[in-house]
Amino acid sequence: MKNFIHNYKKDIMIMTGLLTVAIAAYFIIPLIYGTGGNRAGVYIDGQLYASYDLMDSQRYRIPVGNEYNEVLIEHGNVRVSSSSCRNQVCVNHTPISKNGESIICLPHKLVIKIENKKETGLDGIAE
């Protein structure tokens, strides 16, 4: 047994180091990115259009010129339920809920981003 440990001492040290890094990353990454946001910011052409509370289950129709994106918020998740864009990438995107996640509709220059914001007392449009 002593000979085994002596021969593989460097291997054991490397595996222990990698395991330590993996465990540290498991706890540090959620601190950096947060576990979840409380608002969905909707941006059109880089400008904030609206900010919606993730706790309100609602469906919002976002007009983009003569076209639209329909945003569905339910159970703290946000997704684009329908869109008049050609490629439908935004519609096929998985629902988002964690701080920093986003859904992007390039044809409409629309970005939906999960954010952690404190309540200001203003409604979604006035923010």
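What follows is a working chat about a predicted model of a protein chain.

Colleague: Before we get into details, how many helices and strands are there in the protein chain?

Modeller: Bearing in mind that this is a predicted model, there are three helices and seven strands in the protein chain, and read along the sequence they follow the pattern α-α-β-β-β-β-β-α-β-β.

Colleague: And what share of the residues is buried?

Modeller: Of the 127 residues in the protein chain, 28% are buried. The accessible surface comes to about 8,800 Å², and carbon and sulfur atoms contribute 59% of that surface.

Colleague: What about contacts between residues 24 or more positions apart, what percentage do they make up?

Modeller: Among contacts in the protein chain with a separation of 6 or more, residues 24 or more positions apart account for 36%.

Colleague: Let's turn to the open sheet; in what order do its three strands come?

Modeller: The order is β3-β4-β5, with antiparallel pairing. The edge strands are β3, covering 58-64, and β5, covering 77-83, each of which pairs on one side only. On average, neighbouring strands of this sheet are turned by 25° against each other, with direction ignored.

Colleague: How many bridges join β4 and β5?

Modeller: Strand β4, which spans residues 67-74, pairs with β5 over six bridges in the antiparallel sense. As for individual residues, Ile73 stands opposite Val78, which belongs to β5.

Colleague: Switching to charges, how many salt bridges does the structure hold?

Modeller: The structure holds two salt bridges. In one of them the side chains of Arg59 and Glu70 meet, at 2.9 Å from N to O, and this pair links distant parts of the chain, since Arg59 sits in strand β3 and Glu70 in strand β4, eleven residues apart.

Colleague: Which residue does Glu70 bridge to at 3.7 Å?

Modeller: That is Arg61, whose salt bridge with Glu70 has its closest N and O atoms 3.7 Å apart. Arg59, Arg61 and Glu70 are therefore linked in a network of salt bridges.

Colleague: Is Glu70 buried or exposed?

Modeller: Glu70 has a relative accessible area of 15%, so it counts as buried, the cut-off being under 20%. Arg59 is partly exposed at 47% relative accessibility, while Arg61 is exposed, with a relative accessible area of 52%.

Colleague: Okay, aromatics next; how many aromatic pairs are there?

Modeller: The structure holds two aromatic pairs. Tyr26 and Phe27 form an edge-to-face pair, with 5.1 Å centre to centre and 85° between the planes, and both Tyr26 and Phe27 are exposed.

Colleague: Why is the pair of Tyr52 and Tyr60 called stacked?

Modeller: The ring centres of Tyr52 and Tyr60 lie 3.7 Å apart and their planes stand at 15°, so the pair is stacked, because planes under 30 degrees apart count as stacked.

Colleague: And Tyr52 itself, buried or exposed?

Modeller: Tyr52 counts as buried, at 10% relative accessibility, whereas both Tyr26 and Phe27 of the edge-to-face pair are exposed.

Definitions and conventions. Residues are numbered from 1 along each chain as its sequence is written. This is a predicted model: local features need pLDDT of at least 70, side-chain atom pairs count only at pLDDT 80 or more; totals for chains, interfaces and linings use all residues. Side-chain values use heavy atoms; hydrogens and water are left out. Two strands pair if DSSP finds at least two bridges between them. Helices (H or I, at least four residues) and strands (E, at least two) are DSSP runs, numbered from the N terminus. Axes are lines fitted to C-alpha atoms, for helices over the stretch in contact, and angles run from 0 to 180 degrees between N-to-C directions. Buried means under 20% relative accessible area, exposed over 50%, partly exposed in between (1.4 Å probe, protein chains only). Contact means heavy atoms within 4.5 Å. Accessible areas come from the Shrake-Rupley method with a 1.4 Å probe; for residues, only the protein chains shown count as cover. A salt bridge is a side-chain nitrogen of Lys or Arg within 4 Å of a carboxyl oxygen of Asp or Glu. Rings of Phe, Tyr and Trp (its six-membered ring) pair if their centres lie within 6.5 Å; planes under 30 degrees apart count as stacked, over 60 as edge-to-face and the rest as tilted.
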